[in-house]
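Here are my notes on this one, as promised. Have the viewer open while you go through them.

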Amino acid sequence: MATHTPTEATGSGVIPVSDPARREPVLTIEDLDVHFPANDGSVARVVDRLRLTVNRNEIIGIAGESGSGKTTLVEAILGISRFPNRRLNGRVLFETRTRGQVDLATISARQMRRLRLEEIAYIPQGSMNSLNPVLRVGDQIADGMIDHGVPAGQARGRVPELLERVGLEARVARLFPHELSGGMKQRVIIAIAIAMSPSLIVADEPTTALDVNVQRRILETLARLRDEMQVAIMLVSHDMAVHAQLVDRVGIMYAGQIVETGEVREAVKRPMHPYTAGLMQAIPSIDRPRARMEGIRGATPSPRNWPEGCRFHDRCPRAMPVCRTIPPLLAEPVAGRREGVTGPVDVIAGRQVACHLYPESTPPEARSDGSGRPAATTEAAR
Ligand SMILES: Nc1ncnc2c1ncn2[C@@H]1O[C@H](COP(=O)(O)OP(=O)(O)O)[C@@H](O)[C@H]1O
Ligand code: SF4
Ligand SMILES: [Mg+2]
């Protein structure tokens, strides 16, 4: 039996993070590349050898500064290609309800259309402004279902229940988008997303344009929907405060890769990766009222020219010689008490980090003498 059950992280507390149901993957991304070759011979490696697992019924946050590749990642998952020069490599394995496992990176556009909404719903960045201004809200919710083969009468009949699920009154069905506040529009978008009972919702910056109170209530609604509908939610946001409020587990993205994952409270309070620590210093916190708002020095590198070795090395206060040449692997540190970047960390299942401060991240062939990593930077206490 697991000893660590950080239920408070979800706010809902219904299923502990260590519940085995959470650990069953619904989406497994293996070494995903999303590259864009340009006419001048350069290649923008916007997402590059990215690895990530999303478990059933969990809310996973994808965090990282603007430009780290978050939207490019979710568009690759959803089979959306806004640029004809996109090159996709790697596997995006999704567990369907009825057809077993499919690789979203290789299925046809027709198969993807069927999966969208039926099993995977997408809430794109800024989608609350994409509601049709001349159609009543109820018709827009029903149309989504009709497009997926639900008989019109049945689709219209479900509208009041869907509105109620997202915290809106049934009368909202008769309104036009311009009669709604921003928060109400976002709730309508969520109603459309859940209409076909998906097992995964991917939401890109769903609350970014909203004020903090509206944002908090929308996040509460998403948490309740996860519990009621048993759906996994992948929530993309540049805002660590959003992750701290809602998600169970967070994946920190830097320069096209996931560099740390972990249960959100742990990752936020006791980061293992220096980039995560820098992100945390950039937000005020009730736990750290005197935290310095210093952020991270230097600029985000360009996807056309990622630095050699660890992509964070020229901004990292802990960089060592090895960091300049050898890319660290995203690895699960051995469980137990470890020295993180702001103090001791109790490593539990689900924690991953890509940093040479932890020997597990250094490829075996580079671990010997001369690696440049000081011998005593990590310790696994019994
Ligand atoms: N088609 C493309 N060709 C070249 N560069 C791109 C392309 N699409 C995105 N990028 C670059 O990739 C980076 C990450 O973009 P994006 O996925 O939107 O990041 P985020 O959502 O994290 O802000 C940006 O610097 C952007 O300029
Ligand atoms: S691998 Fe080195 S440069 Fe990269 S985050 Fe870790 S200590 Fe810093
Ligand atoms: Mg984005």
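1. A quick definition before the ligands: a residue counts as near a molecule if its C-beta atom, placed from the backbone, lies within 6 Å of it. On that basis there are 14 residues around ligand 2, and C310, H313, C316, C323 and C355 come nearest. By class, this shell divides into 10 nonpolar, 3 polar and 1 charged.

2. Keep in mind that this is a predicted model. The protein chain averages a pLDDT of 87, and 87% of the residues score at least 70.

3. Now for ligand 1. Around ligand 1 sit 13 residues, with F36, A44, K70, T71 and T72 nearest. Both β2 (43–55) and α1 (70–77) supply at least two residues of the shell, and α1 gives the most, with 3 residues.

4. Helix α5 (residues 182–194) packs on helix α6 (residues 212–229) at about 20 degrees, the axes being 10 Å apart. Angles under 35 degrees count as roughly parallel, so α5 is roughly parallel to α6. The crossing of α5 with α6 is right-handed.

5. Which residues in α5 and α6 meet? From α5 they are G182, G183, Q186, R187, I190 and I194, and from α6 V214, R217, I218, T221, L225 and M229. This contact has 6 nonpolar, 4 polar and 2 charged residues.

6. Two stretches to treat with care: pLDDT stays under 50 over residues 288–293, which have 6 contacts beyond four places in sequence, and also over residues 374–382, which have 15 such contacts. Where pLDDT is low, the predicted coordinates should not be read in detail.

Methods:
Residues numbered from 1 in each chain as written. Chains lettered and ligands numbered in written order. Predicted model: local features only at pLDDT ≥ 70, side-chain atom pairs only at ≥ 80, totals over all residues. Helix = DSSP H or I, 4+ residues; strand = E, 2+ residues; numbered from the N terminus. Nonpolar A, V, L, I, M, F, W, Y, C, P; charged D, E, K, R; others polar. pLDDT = per-residue confidence, 0-100. Contact = placed C-beta atoms within 7 Å. Axes fitted to C-alpha atoms, helices over the stretch in contact; angles between N-to-C directions. Parallel < 35°, antiparallel > 145°, perpendicular 65-115°, else oblique. Left-handed = near helix turned anticlockwise from the far one by under 90°.
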